[in-house]
Amino acid sequence: MGCVLAFTETLKSQLSSPYFHEKAWERGGKVYESVGINLYRKLLVGIGWEKLHKQSKPVRKNIDALRFLHYKTKQDELAHLIIFIIVLGFGIFVAFKFGVVYSLWLFVLNILLNLYPILLQRFNRPRLDRAIQISRSR
C-alpha cells in the first residue's frame, strides 16, 4: 500500500483518462446504492475513518479545494485499483495452489478494502463535479 501510495502521490498526471469519466450506467448512482455503497459509507463513519480522514485532509468551501478533492478521488481510486488487481492476482494464485477456501479471506478483504473504496470514489466524483459547476456559475 505504501509503495502504491507513494507512486500515486508523486504521479503528476492530471488523470484525465476516459476511465475516470462518469459512464451512462453510473448516472444517478443507483447502481452503487444497489450494491450497498451507503451502508459502506455508514460503516466508515461508524469506525471513525471519516473523522480521521477529515482531520488529515479538511475540506474548505472554495472552488480550488473542490478541484483538489476531485483530483484526490481520482488518485485514491487509481491506488485502490492497482492494489485490487495485485491482491486479486494473489487470490487467484492461492485459490489454484491451495484451494478456494484458503483464498476466500483474500477476496473478502479485497472487496472491502479496495473494491468498495473504488466504488465510493466513483459515486462521489459526479457529486463533486456538480458542486464545482455550481461554484463556477456563481
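This is a predicted model: local features need pLDDT of at least 70, side-chain atom pairs count only at pLDDT 80 or more; totals for chains, interfaces and linings use all residues.
Residues are numbered from 1 along each chain as its sequence is written, and side-chain values use heavy atoms, with hydrogens and water left out. Local features need pLDDT of at least 70 and side-chain atom pairs count only at pLDDT 80 or more, while totals for chains, interfaces and linings use all residues.

Q: Why is Glu77 called buried?
A: Glu77 sits in helix H5, and its relative accessibility is 0%. Buried means under 20% relative accessible area, exposed over 50%, and partly exposed in between (1.4 Å probe, protein chains only), so Glu77 counts as buried.

Q: What makes the link between Glu77 and Arg122 a polar contact?
A: Their side chains are joined at 3.0 Å. A polar contact is a pair of N or O atoms within 3.5 Å; within protein, one must be able to donate a hydrogen and the other to accept it, and residues adjacent in sequence count only if both atoms are side-chain atoms. The side chain of Glu77 also makes a polar contact with that of Tyr19, at 2.7 Å.

Q: Which residues does Glu77 contact, leaving aside neighbours within four places in sequence?
A: Contact means heavy atoms within 4.5 Å, and on that basis Glu77 meets Tyr19, Phe20, Ile118, Gln121, Arg122 and Arg125.

Q: How do you know whether Glu26 is buried or exposed?
A: Glu26 belongs to the loop between H1 and helix H2 (30–34). Its relative accessible area is 3%, so Glu26 is buried. Its side chain makes a polar contact of 2.7 Å with the side chain of Arg122. Beyond four places in sequence, Glu26 touches His21, Val31, Tyr32 and Arg122.

Q: Why does Leu78 count as buried?
A: Leu78 comes out at 18% relative accessibility, so it counts as buried. Leu78 is also in helix H5, and with residues up to four places away set aside, it touches Thr8, Leu11, Leu15 and Phe20.

Q: How do you know that the length of H5 agrees with its residue count?
A: Helices (H or I, at least four residues) and strands (E, at least two) are DSSP runs, numbered from the N terminus. The expected span of a helix is 1.5 Å times one less than its number of residues. For the 36 residues of H5 that should give 52 Å, and the end C-alpha atoms are 51 Å apart, which agrees.

Q: What is found at the start of H5, and what follows it?
A: At the start, a side-chain oxygen of Asn62 comes within 3.2 Å of the backbone nitrogen of Asp64. After H5 comes Gly99, with a positive phi near 110°.

Q: What makes up the largest pocket?
A: It holds about 1300 Å³ of space. Of its 40 lining residues, the closest to its centre are Trp49, Glu50, His53, Asp76 and Gln121. A pocket, on a 1 Å grid over the protein atoms alone, is an open set of points where a 1.4 Å probe fits, with protein on both sides within 12 Å along at least five of seven lines; lining residues have an atom within 4 Å of a point. H5 gives the largest share of this lining, 10 residues.

Q: Which residues line the second largest pocket?
A: Gln14, Arg67, His70, Tyr71, Lys74, Asp129, Ile132, Gln133 and Arg136 do. H5 and H6 are the elements that give two or more residues to that lining, and the volume is about 150 Å³.

Notes: Grid points are joined across faces, edges and corners, and a volume is the space filled by probe spheres set on the points.
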